[in-house]
Amino acid sequence: MKLRSLLFVPGDRPERFPKAAATGADALILDLEDAVAPDRKPEARAAVRAWIEAPRDASPAIFVRINPIDSDEVAADLEALAGLSLDGIVLPKAEGASSVATLTDRLPGDYAILPVASETAAAVFQLGTFGSVAGRLAGLTWGAEDLPAAIGATSAREEDGSYTDPYRVVRALTLFGAHAAGVPAIETVFPDFRNLDGLAAYAARGCRDGFTGMLAIHPTQVAVINQAFTPSEAELAHARAVIAAFEANPGAGALQLDGKMIDAPHLKSARRLLALVE
């Protein structure tokens with residue numbers, strides 16, 4: 001499943017579902033949690049179920065973000081999803097592998113799970129545990145909005161929009177936790193949806209650092225995110241050249257290519273890059 005861009009859509013706004021599906025997002029996340037007021041959650045469940053059940057043309061992957069596994073709402077969420085053909089469940093406020101295991105036991109179908117893995121203080125200490133449930137995961141993502149509220153911080157960001165030190169640590173631990181588990185690392189949202197230049201720079205940094213996709217909160221963000229997480233022709237050509245160089249010199253540990261030294265880590269990166277597009 002290709003997951004460059006995952007677009008949130010409020011579950012109680014079914015008129016937005018077809019428009020979101022036409023944005024080019026790799027996945028939609030139909031939201032039953034934060035985007036829906038408590039008194040509208042039954043309406044949202046009904047709307048999400050009706051749209052998923054209805055016949056439609058080829059569409060992006062469909063995920064549903066349920067309410068937290070320990071909430072009073074989750075039983076109704078899971079009941080509403082029973083028997084549906086969907087690609088995955090987004091689990092908010094996950095606290096490591098144990099939360100995934102608990103949800104797996106309650107799921108009404110064989111759905112992949114995408115944990116939002118950093119929204120409580122306790123969750124931060126569980127970011128290295130997801131390897132034991134990797135077979136159930138669609139990836140691993142993090143959040144920089146709920147965690148500050150959980151610990152009484154006033155913000156996760158500096159005045160220029162960059163993360164403060166605690167949240168840089170959490171971002172890095174999520175990234176490494178995903179790769180340790182062997183699942184896609186999904187960058188969190190960029191809230192300023194009108195600032196597409198800022199989004200492009202943010203997404204490019206995520207790709208540079210090892211994330212393979214990103215959450216989106218507005219349709220205008222999708223194309224920018226897709227571009228950031230799609231290798232350029234120049235990058236692909238270089239990767240093929242690296243692989244070709246080692247294939248032509250199977251006994252070499254290090255080689256020169258375009259005036260620069262390349263070795264085993266470069267070969268591994270080249271193969272990974274090509275695997276993303278294949």
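## Close-up views of a predicted model

**View A.** The buried residues of helix α9 pack against β1 (5-10), α8 (196-209) and β8 (213-216). The structure is a predicted model in which local features require pLDDT of at least 70 and side-chain atom pairs pLDDT 80 or more, whereas totals for chains, interfaces and linings use all residues. Residues are numbered from 1 along each chain as its sequence is written, and side-chain values use heavy atoms, with hydrogens and water left out. Helix α9 covers residues 220-228, and Gln 221, Val 222, Val 224, Ile 225 and Asn 226 are buried in it. Buried denotes under 20% relative accessible area, exposed over 50%, and partly exposed the range in between (1.4 Å probe, protein chains only). Helices (H or I, at least four residues) and strands (E, at least two) are DSSP runs numbered from the N terminus. Asn 226 has a relative accessible area of 11% and is therefore buried. Not counting residues up to four places away in sequence, Asn 226 touches Arg 4, Ser 5, Gly 24 and Asp 26; contact means heavy atoms within 4.5 Å.

**View B.** Helices α8 and α9 pack at an angle of about 35 degrees, and their axes are 9 Å apart. Axes are lines fitted to C-alpha atoms, for helices over the stretch in contact, with angles from 0 to 180 degrees between N-to-C directions. The crossing of α8 and α9 is right-handed; this term applies if the near helix is turned clockwise from the far one by less than a right angle, and left-handed applies if anticlockwise. On the α8 side the contact is made by Leu 196, Leu 199, Ala 200, Ala 203, Ala 204 and Cys 207, and on the α9 side by Thr 220, Gln 221, Val 224, Ile 225 and Ala 228. These residues comprise nine nonpolar, two polar and no charged. Here Ala, Val, Leu, Ile, Met, Phe, Trp, Tyr, Cys and Pro count as nonpolar, Asp, Glu, Lys and Arg as charged, and the others, Gly among them, as polar. Ala 201 also lies in helix α8 and is partly exposed, because its relative accessibility is 35%.

**View C.** Helix α10 (residues 233-248) packs with helix α11 (residues 264-277) at an angle of about 130 degrees, their axes 9 Å apart. This angle makes α10 oblique to α11: under 35 degrees is roughly parallel, over 145 roughly antiparallel, 65 to 115 roughly perpendicular, and the rest oblique. The two helices, α10 and α11, cross in a left-handed manner. From α10, Glu 235, Leu 236, Ala 239, Arg 240, Val 242, Ile 243 and Phe 246 meet Ala 264, His 266, Leu 267, Ala 270, Arg 271, Leu 273, Leu 274 and Val 277 of α11. The contact of α10 with α11 divides into 11 nonpolar residues, one polar and three charged.

**View D.** Four aromatic pairs are found in a search of the whole structure. A pair of aromatic rings is described by the distance of the centres and the angle of the planes. Rings of Phe, Tyr and Trp (its six-membered ring) pair if their centres lie within 6.5 Å; planes under 30 degrees apart are stacked, over 60 edge-to-face, and the rest tilted. The ring centres of Phe 17 and Trp 51 are 5.4 Å apart and the planes lie at 65 degrees, so this pair is edge-to-face. The pair links distant parts of the chain, 34 residues apart: Phe 17 is in helix α1 (residues 17-21) and Trp 51 in helix α2 (residues 41-53). Phe 17 is buried at 0% relative accessibility, and Trp 51 is buried at 15%. Trp 142, Tyr 163, Phe 190 and Tyr 202 form one aromatic cluster.

**View E.** Glu 187 lies in strand β7 (residues 185-187). Its relative accessibility of 0% classifies Glu 187 as buried. Not counting residues up to four places away in sequence, Glu 187 touches Thr 141, Trp 142, Arg 171, Tyr 202, Gly 206, Phe 211, Gly 213, Met 214 and Leu 215. Glu 187 and Gly 177 are 10 residues apart in sequence and 13 Å apart in space, C-alpha to C-alpha.

**View F.** Lys 93, which is not a glycine, has a positive phi of about 50 degrees. Lys 93 lies in the loop between β4 (88-91) and α4 (97-106) and is partly exposed, with a relative accessible area of 26%. Asp 258, likewise a residue other than glycine, has a positive phi near 55 degrees. Asp 258 is placed in the loop between β9 (254-257) and β10 (260-263) and is exposed, with a relative accessible area of 68%.
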